[in-house]
Amino acid sequence: MQEVAVGNYRAFIAASDALLVIRDEVSSIDKHLESLIGEIPKLTSGCTEFVESAEEILEKRKMNQTLLANHSTLLDLLEIPQLMDTCVRNGNFDEALDLETFVCKLSTMHPKLPVIQALAAEVRQTTQSLLSQLLQKLRSNIQLPECLRIIGYLRRIGVFSEYEMRLQFLRCRQAWLTGILEDLDQRNAYEYLKGMINFQRQHLFDVVNQYRAIFSDDTSGNEENHDGGLLFSWSMHQITSLLKTLKIMLPKITEGGSLSNILDQSMYCAMGLGWVGLDFRGLLPSLFEEAVLNLFAKNMSTAVENFQLVLDSHRWVPLPAVGFPANSVNDESLDDVTPPSYLMEHPPLAVFVNGVSAAMNDLRPCAPISLKHVLAQELIKGLQTVADSLLRYNTTRILRDNESGLFLSLCRAFIEITYPHCANCFGRCYPGGAALVMDAKSLYDGIGRLLTVSTSRGLPKPVGEENKDKPVGDENKGESEKSITENGDMPVVENGVTPVVEQTNETSAGEREQNVEKIDEKETKSATLQTEERPSDV
């Protein structure tokens with residue numbers, strides 16, 4: 001053993017060194033293993049993160065591949081709002097509503113996709129623009145087929161209920177009718193009323209028919225399809241507005257012919273609307289009766305005012321006599337209402353008869369039978385005012401002998417010519433109207449007493465007696481002169497009533513000066529004559 005050990009000592013020494021090295025290496029390995037064990041969790045987490053990142057990248061890659069494969073489809077979807085807006089602007093409402101329906105389905109199928117929800121929001125804005133444009137079309141002049149299409153579009157949009165849709169339809173048509181009436185010129189009452197009545201007759205009839213054709217009520221008991229009185233209320237509002245406008249504008253019409261034309265058009269309008277249950281003819285008489293009464297009263301007031309003005313400024317000088325047949329005063333017939341030419345010698349009466357003729361000309365085309373007695377009283381009131389003016393003039397003015405004679409001749413002409421002539425004119429407008437006026441003869445009793453008191457003064461003969469002694473040829477000549485004016489023209493006949501041709505001759509400047517100088521000389525004599533005559537009136 002010893003020999004073996006001595007002989008192989010190098011091997012034992014190498015083995016010992018190797019053992020030491022191995023022990024050190026094992027210790028080092030142990031340390032490295034402990035370090036490795038400490039780093040393994042980090043490696044594990046890093047691998048996990050890598051796997052997750054790889055999965056995300058893979059998912060994105062797949063999405064990009066899918067996006068690339070469906071690029072054209074997505075582009076079409078994103079262009080839907082712009083395409084829908086283009087359809088609305090060009091009036092392609094069917095295509096626009098198809099797009100809106102498609103987007104609504106997408107939004108329902110993919111409620112969590114932001115792109116789809118943003119797309120749906122843009123489409124809703126475009127739908128509001130479409131709704132506004134459809135309502136604007138209802139405010140224009142469209143016919144029934146177009147109305148049916150628009151209401152169909154509104155029903156597809158689904159914004160309004162059935163009742164709200166009926167209400168919107170009537171509101172839009174009301175706005176359109178109001179716009180038409182606002183475009184009419186209100187400065188000319190006759191033209192405005194004529195245009196308004198014509199538009200109401202045409203368009204109101206169309207709107208009612210359109211409403212009934214579009215919204216047909218059923219009797220199934222479903223409140224969704226029940227009118228609820230909307231059409232009736234709206235129609236009554238339109239008729240009431242029309243009647244209010246007539247009441248406001250009729251007093252502005254100053255011609256009887258125009259008033260008659262408006263009445264005819266109103267009756268025609270009411271008769272036409274009667275086909276849809278809107279006949280309002282029974283509401284018209286009261287409006288036009290008031291307008292006729294106001295117009296006649298205004299004309300009579302104007303006639304009386306003009307008479308008073310001419311009477312106050314009249315100079316009592318003899319005017320050239322105008323020949324006329326003796327029977328033209330007392331034998332007037334109802335068919336002849338030509339004013340007697342004798343009135344041309346009395347300008348105040350001529351002006352008054354002209355005013356009455358104008359009033360009768362305006363009354364005759366539109367003479368309500370219910371106003372017969374009221375208008376007769378209005379005419380009597382005007383004649384009474386003229387008679388009172390003459391009596392007041394006689395009381396307040398001091399006239400000379402020749403002036404007093406002319407004044408009393410005017411009073412006699414008022415009783416014997418003007419009063420019967422006005423009654424006959426009224427009789428042409430109303431059968432039996434002349435008797436109503438002639439029954440009020442008591443209104444000129446004061447003038448009659450004045451003429452009776454003055455008979456002892458040798459005043460001019462009564463009207464009709466001056467021509468008794470004239471030969472037949474002169475009478476015929478008077479008739480021909482009666483119908484010819486100063487210019488040689490025939491008098492103009494308007495509605496069967498001929499106005500008086502007023503003829504006034506003023507004194508020259510020299511005559512006026514002489515009259516002024518003689519007033520003071522005869523003032524006392526005239527006052528004395530009047531004082532002596534008035535006691536005999538008792």
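**Salt bridges and surface patches**

Okay, let's start in helix 16, residues 401-429: E416 and R412 sit four residues apart there, so about one helical turn separates them. By helix I mean a DSSP run of H or I with at least four residues, numbered from the N terminus. In general, an α-helix has 3.6 residues a turn, so residues three or four places apart point the same way.

Quick housekeeping: this is a predicted model, where local features need pLDDT of at least 70 and side-chain atom pairs count only at pLDDT 80 or more, while totals for chains, interfaces and linings use all residues. Residues are numbered from 1 along each chain as its sequence is written, and side-chain values use heavy atoms, leaving out hydrogens and water.

Back to our pair. The side chains of E416 and R412 meet in a salt bridge, 3.9 Å from N to O. That term means a side-chain nitrogen of Lys or Arg within 4 Å of a carboxyl oxygen of Asp or Glu. R412 is buried, at 15% relative accessible area, whereas E416 is partly exposed at 22%. Here buried means under 20% relative accessible area, exposed means over 50%, and partly exposed is in between, with a 1.4 Å probe and protein chains only.

How many salt bridges does a search of the whole structure find? Nine. One of them joins K194 to E191, with the closest N and O atoms 3.5 Å apart. Those two are three residues apart in helix 9, residues 189-214, so again about one helical turn lies between them. K194 counts as partly exposed at 26%, and so does E191 at 40%. Then there's D279 with R281, at 2.6 Å from N to O. D279 is partly exposed at 38%, and R281 is too, at 34%.

Now helix 2, residues 9-69, which holds E49. I37 lies in helix 2 as well. E49 is exposed at 55% relative accessibility, and together with E52, E55 and E56 it forms a negative surface patch. I37 is exposed at 59%. I37 belongs to a nonpolar surface patch with I29, L33, L36 and I40, about 470 Å² of accessible area together. Patch residues have over 30% relative accessible area and no salt bridge; like charges are joined within 9 Å, and nonpolar side chains (Val, Leu, Ile, Met, Phe, Trp, Tyr) within 5 Å. Accessible areas come from the Shrake-Rupley method with a 1.4 Å probe.

Last stop, helix 14: 16 of its 17 residues are buried.

How values were computed: Lys and Arg count as positive and Asp and Glu as negative; His and the chain ends are not counted. The place of a charge is taken as NZ of Lys, CZ of Arg, CG of Asp or CD of Glu.
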